[in-house]
Amino acid sequence: MKTIKTYKVVPNLPKEVKDLQRLAGNLYWSWDHDVRQLYRRLDRKLWETVKQNPVELLNNLEQSRLETRAKDEGYLAHLSRVRQTLDNYLDQKTWFQKNYGDQGEFHIAYFSMEYGLAASLPIYAGGLGVLAGDHLKSASDLGLPLVGIGLLYQQGYFHQYLSTDGWQQEMYPEVNFHNLPVELVRVEDNDEPLMIALNFPGRTVYAQIWKTRVGRVPLYLLDSNVPQNQPEDQKITDQLYGGDSDKRIRQEILLGIGGIRALDALNIRPQVCHMNEGHSAFMALERARLLMLEKGLSFPEAQEATRGGNVFTSHTPVAAGIDEFEPQMIDHYLGAYYDSLKISQQEFHALGGVNREQTQGKFNMAIFAMRMAGYCNGVSKLHGKVARQMWHYLWPDALENELPIGYVTNGVHIRTWIAEDIADLFDLYLGPRWHENPADTTIWSRIANLPDEELWRAHERRREHLVAFVRNRLKEQLIKSSAGQADIEAATNVLNPKALTIGFARRFAQYKRASLLFRDLERLTRLLNNADRPVQILYAGKAHPRDNIGKGIIRDIITTIRHSDLRNKIVFLEDYDMRVASYLVSGVDVWLNTPRRPREASGTSGMKAAANGVLNLSIPDGWWDEAYQNQIGWSIGRGEIYPDLEEQDQIESEALYYLLEKEVIPLFYNRKGNGVPTDWIDMMKNCIQKINPIFNTHRMVEEYFVHYYLPAAQRWNRLIADDIAATRTLLEWKAKVSNNWHKVKFVQVQTDQNTEYKVGAEFKVAATVDVDGLTPEDLCVQVYYGPIGSDGEIENGSLVQMNLQKKLSANRHLFTASITCSTTGQHGYAFRILPANPESTHPLEMGLIHWYEENI
């Protein structure tokens with residue numbers, strides 16, 4: 001039967017409570033406890049059934065409930081307070097307006113394949129999406145002129161359940177968009193859905209645009225499930241990370257190219273485009289193409305002009321985790337683009353590194369993103385270093401630590417992840433400014449004023465809530481799996497609300513080593529079954545649908561849990577999502593993380609736990625490598641990297657057991673007369689004070705703005721001004737440098753004849769450079785000096801720019817510099833030349849370096 005017309009039925013809200021619908025449409029409720037409490041009061045049971053989704057709650061609420069609340073003075077007062085809170089939030093002067101309100105027109109577009117904003121909006125898979133969601137929330141709090149671009153998935157990411165033998169199974173239930181806090185963007189003239197079109201091989205693919213509000217920030221989501229598309233193209237947005245490479249490239253084309261077209265259709269022309277991972281990198285193509293059409297440019301001109309306004313963030317510390325496509329697939333879907341960009345197939349392939357040995361002939365989306373972006377970064381200090389190591393082959397003559405890949409350490413949106421009990425204490429003893437400025441260290445220093453007993457009571461309430469949640473959820477799991485009545489009844493007694501509780505929840509990938517704690521089962525059993533100092537563990541997490549190794553780890557853990565001595569001490573929670581995470585990160589006592597260093601780019605779950613005073617017990621990898629210090633948690637090892645992985649697992653599992661036996665468990669159960677573990681609470685307070693002001697997304701987004709967004713916008717404005725005059729000048733300069741670089745050389749260097757100096761001494765060096773075809777101002781001549789390592793190479797050296805001393809002849813110039821001897825030991829120095837132009841985003845932008853090769 002074919003539907004001839006569709007219509008929408010909306011809740012019939014009495015006028016006294018009509019604002020409930022407006023409030024439900026702004027995801028501000030996802031980080032304000034008072035707003036959520038407003039909806040919870042309508043029907044507590046239904047609120048949990050709909051995964052705390054206000055829109056679905058209103059759609060399913062009995063009319064009588066609404067009528068009752070419309071006459072409830074207490075409820076109406078609550079509604080009025082919440083409405084005023086949101087209005088004040090939207091109207092108040094923001095950090096951006098106070099500090100950068102004079103920037104003129106300013107738009108930032110943030111592209112991400114997934115967004116974790118609330119459990120009820122299933123367009124996320126894990127940490128990448130949750131980070132993107134927290135990014136938008138802090139951008140809203142700070143008032144950044146930012147819009148988000150993503151995809152709206154009909155089935156989202158899979159729902160997990162386990163078979164009787166513990167093997168992960170996947171379900172993809174359909175999502176009813178009308179139960180989500182989204183609205184279809186429509187054309188003003190005729191009220192039809194606003195559509196964008198993409199040219200695919202032999203057909204046109206259409207997508208409609210949905211909008212959700214994240215506080216002040218609009219998020220636009222593309223949806224290909226429209227009748228104008230062929231069935232295979234309607235499914236482009238059915239599943240997040242589902243399907244094969246062919247489906248993935250279609251999703252990435254829709255996200256990137258379609259995302260730019262959506263912005264254009266919405267009359268939003270951003271100065272800065274931020275690619276959260278390489279999935280959206282094709283957006284740089286469309287951005288360049290539109291500028292070519294607008295100003296009649298060549299592709300090199302458009303690439304140069306747009307590149308400086310593009311930011312690329314990598315979250316991947318291993319090459320295997322990066323999207324790659326066969327060149328034939330690239331040609332199939334983007335071949336027509338070559339003509340519109342007026343570049344050859346070979347030139348386009350080179351942008352994705354197809355010509356490089358390391359890519360094995362595939363088109364690499366990270367390389368493509370780096371080639372099309374003026375600014376690149378990793379997501380922690382350690383990951384920045386790992387990324388520079390991984391991509392050093394793109395700049396083989398450069399020093400590893402100077403590669404144009406920086407870092408901005410991830411954070412979490414504090415208000416989203418702090419439990420209500422803890423938030424109330426913070427309001428009482430820290431004051432309300434922790435909401436607005438969580439990066440202010442002076443606010444968190446007031447944690448010392450919080451009485452130990454009150455903090456501990458609040459934390460124990462969170463553990464009790466967690467145990468109750470686990471019991472209910474485990475019971476639901478068992479009923480769905482047709483378990484026996486005895487097992488279902490036993491679920492009501494699982495876990496001890498007073499016992500030391502350890503949480504481990506994350507994606508089940510092999511490198512995360514979820515089973516590390518099970519290497520010595522006898523030792524683990526003794527730890528968990530100590531009647532005087534009981535310990536219990538909660539596991540949660542999904543393996544990728546095609547990761548059988550990860551699925552095998554889950555199955556092995558389930559098999560172990562069913563051992564009679566561990567059955568009630570270890571629980572695996574199915575279908576890990578943001579709602580489960582919120583209970584875990586606020587209710588456990590210890591957050592366990594055991595990745596194989598340096599495979600964790602950042603990780604943020606430990607930050608969420610720390611925000612609630614939960615102590616981290618972790619390998620020093622990702623964020624914990626820079627966060628760890630004494631008295632805020634525990635480090636498993638000192639960051640060693642072992643060539644033998646089996647040896648590494650053995651050593652680090654022993655270290656883990658030792659910390660639990662000798663430090664963690666004794667500290668937790670060391671109680672004073674009032675039953676409060678004061679030493680443990682001291683660590684909780686230290687953790688909150690040290691972690692919260694640094695590892696939050698307000699600090700993170702401010703760093704992105706100051707170090708990336710603002711310079712990128714300023715560069716964009718300069719390069720497109722005056723009919724891209726600055727772009728053309730820069731390209732002419734680059735062409736001149738490229739054409740003459742082979743003639744640039746060191747003629748000779750002059751060094752001090754001494755071979756020994758005292759600390760504090762200074763000596764001069766000089767170099768004569770032939771600049772044939774260029775000017776001295778086109779070049780940067782440097783001396784690189786530092787201690788000599790065992791391999792005869794300079795280690796951790798310093799760069800000093802040499803000064804132009806005088807002109808010796810038409811093409812030859814003398815440069816000099818001074819070297820200061822600041823430390824003892826064997827030292828050395830070397831000379832090099834780079835192109836220099838203040839309009840370049842980085843000295844290595846052209847990849848050209850001349851080192852002086854003669855031994856000194």
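Predicted model: local features only at pLDDT ≥ 70, side-chain atom pairs only at ≥ 80, totals over all residues.
Strands here are DSSP runs of E with at least two residues, and helices are runs of H or I with at least four, each numbered from the N terminus.

Strand 3 runs antiparallel to strand 4 (residues 168-171), and 4 bridges join them. Two strands count as paired if DSSP finds at least two bridges between them. L162 stands opposite Q168 in strand 4. The two strands form a hairpin, with 5 residues between them. In the turn, G166 has a positive phi of about 90 degrees.

Strand 23 (residues 779-787) and strand 27 (residues 827-835) are joined by 9 bridges and run antiparallel. G786 has G828 of strand 27 as its bridge partner.

## Helix 11

Helix 11 (residues 283-295) has 13 residues. Its span from first to last C-alpha is 18 Å, close to the 18 Å expected, which is 1.5 Å times one less than its number of residues.

Most of helix 11 is covered, with 10 of its 13 residues buried. The buried residues run from M283, A284 and L285 through E286, R287 and A288 to R289, L290, L291 and M292. G296 follows the helix and has a positive phi, near 65 degrees.

## Helix 10 against helix 13

Helix 10 (residues 245-265) packs on helix 13 (residues 327-341) at an angle of about 25 degrees, with the axes 10 Å apart. Axes are lines fitted to C-alpha atoms over the stretch in contact, and angles run from 0 to 180 degrees between N-to-C directions. The two helices are therefore roughly parallel (angles under 35 degrees).

Helix 10 contributes S245, D246, I249, R250, I253, I257 and R261 to the contact (heavy atoms within 4.5 Å). Helix 13 contributes M329, I330, Y333, L334 and Y337.

## Basis of the values

Residues are numbered from 1 along each chain as its sequence is written, and side-chain values use heavy atoms, leaving out hydrogens and water. Local features need pLDDT of at least 70, side-chain atom pairs count only at pLDDT 80 or more, and totals for chains, interfaces and linings use all residues.

Notes
Buried < 20%, exposed > 50% of the residue type's maximum accessible area, 1.4 Å probe, protein only. Parallel < 35°, antiparallel > 145°, perpendicular 65-115°, else oblique.
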